[in-house]
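Welcome! Please take a look at it, and then read on.

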Amino acid sequence: MTEPATGVMDAVLDASETGERSEPAWGAVVSLALGVFGLVTAEFLPASLLTPLAQDLGITEGAAGQGVTATAVIGAIAAPTMAIVTKRLDRRLVMWALTVLLVLSNLVAAFASSLPVLLIARIMLGISLGGFWSMSAAMAMRLVPMRLMPRAMSIILTGVSVATVCAAPVGAYVGDIWGWRTAFMIAAVVGALALLVQVATIPKLPPAGTAGFRTLLEVMKRPMIRVALLVVLLVASGHFAGFTYVRPFLEKVPALDIETISLVLLAYGIGGFFGNFAGGFIAERSLRAAVSLAPLLIAFSALLLLVVGGSPVVAAIAVASWGFAFGAVPVGLQTWLVRAAPDQAESAGGLMVMTFQVAIALGAVFGGLLVDNTGVASAFAYCAAATLLAALAAFLLGPKAIDGPKA
């Protein structure tokens, strides 16, 4: 099956009865970015608050860490099923409900008195996270013309970049000064502010398409979708297999002190912030270039660490470029998915989020096995190989007719 013809795509995008529009609704797009910022902030908080949280609840740090696992597992389940469960509801109501769930999850976590209560909070977050991520690209497609889709996704994913840079250090600081519960309360306030902006800006968006489990299977049969999901699997598993162990590498190979490592990781986050915008800029002009160059740069960065990572300067540059490349990955991939299935964009988005979550788990597990048995270098080698294969698959089999903006 080939990609949808332009005429079919325009018919889908311009159908007024589904609430799609030819003029961009940038306020609504920004509201989605705020929602993403709140979600990623809440997702990252346990990592920066693990020790005081575990001590206060009287549990081990390993047990407290299962809150992160619960969020990822539930998110992987919620992503492909959210469009099915809510198929008869206005999409703005669904997004409002998911943001309300984000606020409630932070409040439950803030008042948690035991591990089961904490896990309930993280499960609620997983539902919100998986549902929000799976539907955000489909909503962006209906809020702006297709030619502006990469720019819209870049704005939405800015929430990820800012949260990645700020959430962990700010969470740790707030937790140290006012306690870990205050950090979750602040996260709840952030979610509430995002909800207010969403209520004010998101227009009516009646459900479009007919989501169902059969729809998921039909979408997966499309060649472009299968290639895109393969690229997602390779990029995400390679990234998390390698980058999970970048700190021990920096400690042992270039032998950096903790202050320098913190600065290098900050450079990674800043690189991701700018990579997000670069990914949107490139995707507007050539989607194939966007989805192939980003994993290629990750592969190059991993190889650079392997070959000349003993140099502190080279290691810092390689980590920063890795962050820049990974920041550009989601913009191109999400644009690719919804353009390959504009008639079932929510199902396509759900499949991407599910694949991404599975790849995170596989990459972390496989990377850990490699590190334990053959050293950190083997995890970086796998990362380079997987992302290089992803770049080749995207370049040779990726988007063709939908490259570049419409005339």
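## Salt bridges

Three salt bridges turn up when the whole structure is searched; the term stands for a side-chain nitrogen of Lys or Arg within 4 Å of a carboxyl oxygen of Asp or Glu. Keep in mind that this is a predicted model, in which local features need pLDDT of at least 70, side-chain atom pairs count only at pLDDT 80 or more, and totals for chains, interfaces and linings use all residues. Residues are numbered from 1 along each chain as its sequence is written, and side-chain values use heavy atoms, with hydrogens and water left out.

## From helix 7 to helix 2

Let's begin with Arg181, which forms a salt bridge with Asp56; their closest N and O atoms are 3.1 Å apart. Arg181 belongs to helix 7 (residues 180–201) and Asp56 to helix 2 (residues 26–57), so this pair ties together parts that are 125 residues apart in sequence. Helices here are DSSP runs of H or I with at least four residues, strands are runs of E with at least two, and both are numbered from the N terminus.

## A linked trio

Next comes Glu284, which forms a salt bridge with Arg151, with 2.8 Å between the closest N and O atoms. Glu284 sits in helix 11 (residues 258–285) and Arg151 in helix 6 (residues 149–178), so the pair ties together parts that are 133 residues apart in sequence.

Glu284 also meets the side chain of Arg285 in a salt bridge (3.9 Å, N to O). Together, Arg151, Glu284 and Arg285 are linked in a network of salt bridges.

## The whole chain

Stepping back, the protein chain has 15 helices and zero strands. Of its 407 residues, 54% are buried. Among contacts (heavy atoms within 4.5 Å) between residues at least 6 apart in sequence, 86% join residues at least 24 apart.

Conventions:
Buried < 20%, exposed > 50% of the residue type's maximum accessible area, 1.4 Å probe, protein only.
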